[in-house]
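Please look at the sequence and structure before reading on.

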Number of protein chains: 4
Amino acid sequence: MIDINSFGVLGGDKRQIALAESIASDGYTVYAFGFENVEFSRDVKKAGLEETTAHCENLILPLPVTTNGLHLNAPYCQEKVELNDSFAELMRGKQVYGGMIGKLIQTSEVWDSIDIYDYYNREEFTIHNAVPAAEGAIEIAMREYPGTINGSKCLVVGFGRIGKVLAWMLRGIGAAVTVSARKHADIAWIEAYGYTSVFTDNICEKEQYDVIFNTVPAMIFNRRILSKMHAKPLIIDLASQPGGVDFESAENLGIKAVHALSLPGKVAPKAAGEIIKTTIYNIMEE
Amino acid sequence: MIDINSFGVLGGDKRQIALAESIASDGYTVYAFGFENVEFSRDVKKAGLEETTAHCENLILPLPVTTNGLHLNAPYCQEKVELNDSFAELMRGKQVYGGMIGKLIQTSEVWDSIDIYDYYNREEFTIHNAVPAAEGAIEIAMREYPGTINGSKCLVVGFGRIGKVLAWMLRGIGAAVTVSARKHADIAWIEAYGYTSVFTDNICEKEQYDVIFNTVPAMIFNRRILSKMHAKPLIIDLASQPGGVDFESAENLGIKAVHALSLPGKVAPKAAGEIIKTTIYNIMEE
Amino acid sequence: MIDINSFGVLGGDKRQIALAESIASDGYTVYAFGFENVEFSRDVKKAGLEETTAHCENLILPLPVTTNGLHLNAPYCQEKVELNDSFAELMRGKQVYGGMIGKLIQTSEVWDSIDIYDYYNREEFTIHNAVPAAEGAIEIAMREYPGTINGSKCLVVGFGRIGKVLAWMLRGIGAAVTVSARKHADIAWIEAYGYTSVFTDNICEKEQYDVIFNTVPAMIFNRRILSKMHAKPLIIDLASQPGGVDFESAENLGIKAVHALSLPGKVAPKAAGEIIKTTIYNIMEE
Amino acid sequence: MIDINSFGVLGGDKRQIALAESIASDGYTVYAFGFENVEFSRDVKKAGLEETTAHCENLILPLPVTTNGLHLNAPYCQEKVELNDSFAELMRGKQVYGGMIGKLIQTSEVWDSIDIYDYYNREEFTIHNAVPAAEGAIEIAMREYPGTINGSKCLVVGFGRIGKVLAWMLRGIGAAVTVSARKHADIAWIEAYGYTSVFTDNICEKEQYDVIFNTVPAMIFNRRILSKMHAKPLIIDLASQPGGVDFESAENLGIKAVHALSLPGKVAPKAAGEIIKTTIYNIMEE
């Protein structure tokens, strides 16, 4: 018997564990597959793949669904789960939710006839995720920088989602914050919020910083720019691979640079799980 | 002789006066027409219309250029300046800047062959202007609300430019801030910044507020919503005409509602003048 | 019959009116004397002096109780109420609360045998009052300064109660805030909160400001200091009489200076009334 | 020859290393004893104990000067340095600065005739140190709490120096902050700054929190209070030994509690070193 208010959580990391618990605490029936050695509260029922998909109306795949395009991303699962026609068939007639589903839907033509939503593409997901990303960056800065962030001179490169939240938090703990952007409109926002503004092309020309956070996925901190940094700042690069820092040159110049990737899942899995849940609920309501 | 670094300021209110002074203090030659009884510093030269346009390469018309479509908006000018072919001819070959130029360019076909830019349409202009608008709204709230804004419960309706700045400032002085929006993405931002969020359709269903700021140009506060407000809040409506409040119903219900229009020019003419200047400089650099 | 949960509110300005309403809304019986033409809600009973004192266990005199030492401070009262033995006798056996009671108790020896508390001396009263004082100062600054406070350079002289709240609010709306103090410990606090610090003896030596707020009751802004201010700032003096600014010299030098006194009662009578109420409740609980 | 502008840095941890570098970068001559394997910049001269004390006018002992009352606190020193008459004699005629010098001056009567100052007792030292302490606490919270601090419900127990800075920073990153205190005046401050207030005796009666920071050196979190915490918060105890949490009961109840001691030196040695330097400079100027 299918329970319309039931959720199957399939694979994934601590975010999926938190997600399963959080949905269960909302009063829904939750089955979880792929967590053999994980201890859940009583409200989450561990089950096999077939049992989970048979019982549940809503199926939640992890973020990312797969890393290699062949198997389900399920680090807590003892066996490898192949992504193929028979896996896809189990999802037929269900509402399926997954994060970064591009590689998944190439694994079987069955997916063409399945209702599947990519919560990773939802704007509110990306915005909410900026919060744990920014906090994770600040945690790294606090750990690696030998002074206090309070009173330090920080540069945030880029005024997109993470840049906005990061600049706001850094000022909130008392840093002197400069934010760089390329567009006049972003510069206007930066000034309205009371930060010091600089065009990205002009960073580090005059000013020196204690900590620099890069959020722009482009090679901003090349050897030329790095060599202008007499004060040897700490650089935290939040841009996805390959990042925005020439890490080799940084090392040669004695500048510590940290490439901080996938922060939400690492530093705040509970928050990251709740963000996925909220996004899925929003999709269901529409 | 034409001076390429010269600016003619034509008509307008205190913003244009501040603009003229500010450009002059940057070292440029400034002529001002339409301010017979205004005392400028030595660096701004008062002149007639022909003299001003003849000498200056850059001509700055006011915001708005005209209110009635017939005459230049020039409250400090003793005579009426008609907008016609001969007025337009004076601008030929110049760089002309104006705010809300729609009605102006209908006054003469000559405008088709003149380089004229509407700074009012620039995004950075609108963003920068959100700052004096928000401050003006707070000034009104401080004056009209018999308690302190610190510690009060404020609702900001809409999370556009003014809503963003206003919410941020209100929290900055210690108000408990709720912000409403219609889109999930905006709700996500509202929560990321630590405000209480509510969908605009659901405002005042449960919560009561001390001060409400409306920034949405739609009839949000109709009789039905107003009648739910048991706590008789102060309402400050920042939406342009006709506004977002049923003012008659508000009055009948004993709710004080203020329609606050054109705040930047009124409360912070110097800031508003500098915003116009910055925008014009940006246009010139491009 | 005496009601132990009854409050008599005697004289005073809008703060006392707000106080009466607020106590009544907490469910207590409230009599008010000295407000002939004031419209109260149903829960506050207007009464004569004898009726009020006869019925009520707790009597609340205004702030200040008297200005001239002869009559009750009662601007809404049609007759003058003399402070003498018979007035004091009406208070016998009651709990009496008043603000700045020094002159009152000199009007009759009867006061020696009456339980009277000066809420004006309570530390939490002074702290709470710093909030409407600071907001009032910001309201004046917003009204008088032709730019926006956001983005302006503000100096707060003194890091006592009002200085602390004021600096915090100014930064909260986006000003660049410098705070001056005399003691190393205060300088340490100023820096911890992320403001720029300066010793009061050194203000205006190098830096220029757009708006200056003085909270120190000493002649800080004498002619010598004023003449160093090339940028002609707006000065708002919050120090009690005679204030901390040489107003005559300021005028001669073209510097606008505003002496802002008794702000809480003027700008936020409702808040000021609630602060008195909270303080009296605290005294009663002890 | 004695150089009046010379500083000898004797023993200590990373704070003293940062201190030595920072004084040297101000242009003073700096000798450092007790750091055999530490690499200093060129401006700091490593030297033996006699050489350092002979050359330098100002001698800086570590914080604490000694832990056991017998030897200098010098973790980077290869030999143990005994605190006795001959050690004290080396300091004669110098300006000596140390942190927590109580046990030191009991090691020799020679100290009675030496100018020694305890920078640890200076108020500005304690205030400045609240900043790295608060940041260290937040770093721990970010690391240990599986959600984000942004959006979490935090309780700060105590509104002393660390409590003030901590509450301010927590709100600055978007937490919902409640602060507890015992005195009405502190409650007034808590409310003025816009936090939720609660008397320390009443904490956790109704409200539940995600993260609790204790700054009060008293057994606040005994078994009785801990057993009321249904939400199993993370508790970070900043109170010095023995702390303010019954750690055993916490563990039995499944509540994670971290005793975070000596944070400034651990999380921000550079900042902590600069705070010592600033304090010593202040003493020297007086």
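A polar contact is a pair of N or O atoms within 3.5 Å; within protein, one atom must be able to donate a hydrogen and the other to accept it, and residues adjacent in sequence count only if both atoms are side-chain atoms. The model discussed here is predicted. Between chain B and chain C, 8 residue pairs are in polar contact, both residues having pLDDT 80 or more.

**Interface of chain B and chain C**

- On the side of chain B that touches chain C, two or more residues each come from helix 4 (123-144), helix 5 (161-172) and helix 10 (269-285) of chain B.
- Helix 4 of chain B gives the most to this side, with 7 residues.
- By residue class, the side of chain B that touches chain C has 14 nonpolar, 5 polar and 4 charged residues.
- Contact is made by 23 residues of chain B with 23 residues of chain C.
- About 2,000 Å² is buried between chain B and chain C, and carbon and sulfur atoms give 61% of that area.

**Symmetry of the copies**

- Chain D can be laid on chain A by a turn of 180° and a shift of 0.0 Å along the axis, and the RMSD is 0.0 Å.
- In chain D, the residue closest to the rotation axis is D:Gly172, at 1.8 Å for the C-alpha.
- Chain D and chain A also meet through the same surface, since 100% of the interface residues of chain D are interface residues in chain A too.

**Setting of B:Lys277**

- Is B:Lys277 buried or exposed? With a relative accessible area of 9%, B:Lys277 falls under the 20% limit and therefore counts as buried.
- B:Lys277 lies in helix 10 of chain B.
- The side chains of B:Lys277 and B:Asp26 are joined by a polar contact of 2.8 Å.
- Leaving aside residues up to four places away in sequence, B:Lys277 touches B:Leu19, B:Ser22, B:Ile23 and B:Asp26.

Technical notes
Residues numbered from 1 in each chain as written. Chains lettered and ligands numbered in written order. Predicted model: local features only at pLDDT ≥ 70, side-chain atom pairs only at ≥ 80, totals over all residues. Heavy atoms only, no water. Contact = heavy atoms within 4.5 Å. Buried area = accessible area lost by both parts, 1.4 Å probe. Helix = DSSP H or I, 4+ residues; strand = E, 2+ residues; numbered from the N terminus. Nonpolar A, V, L, I, M, F, W, Y, C, P; charged D, E, K, R; others polar. Least-squares fit on C-alpha atoms with pLDDT ≥ 70 in both. Buried < 20%, exposed > 50% of the residue type's maximum accessible area, 1.4 Å probe, protein only.
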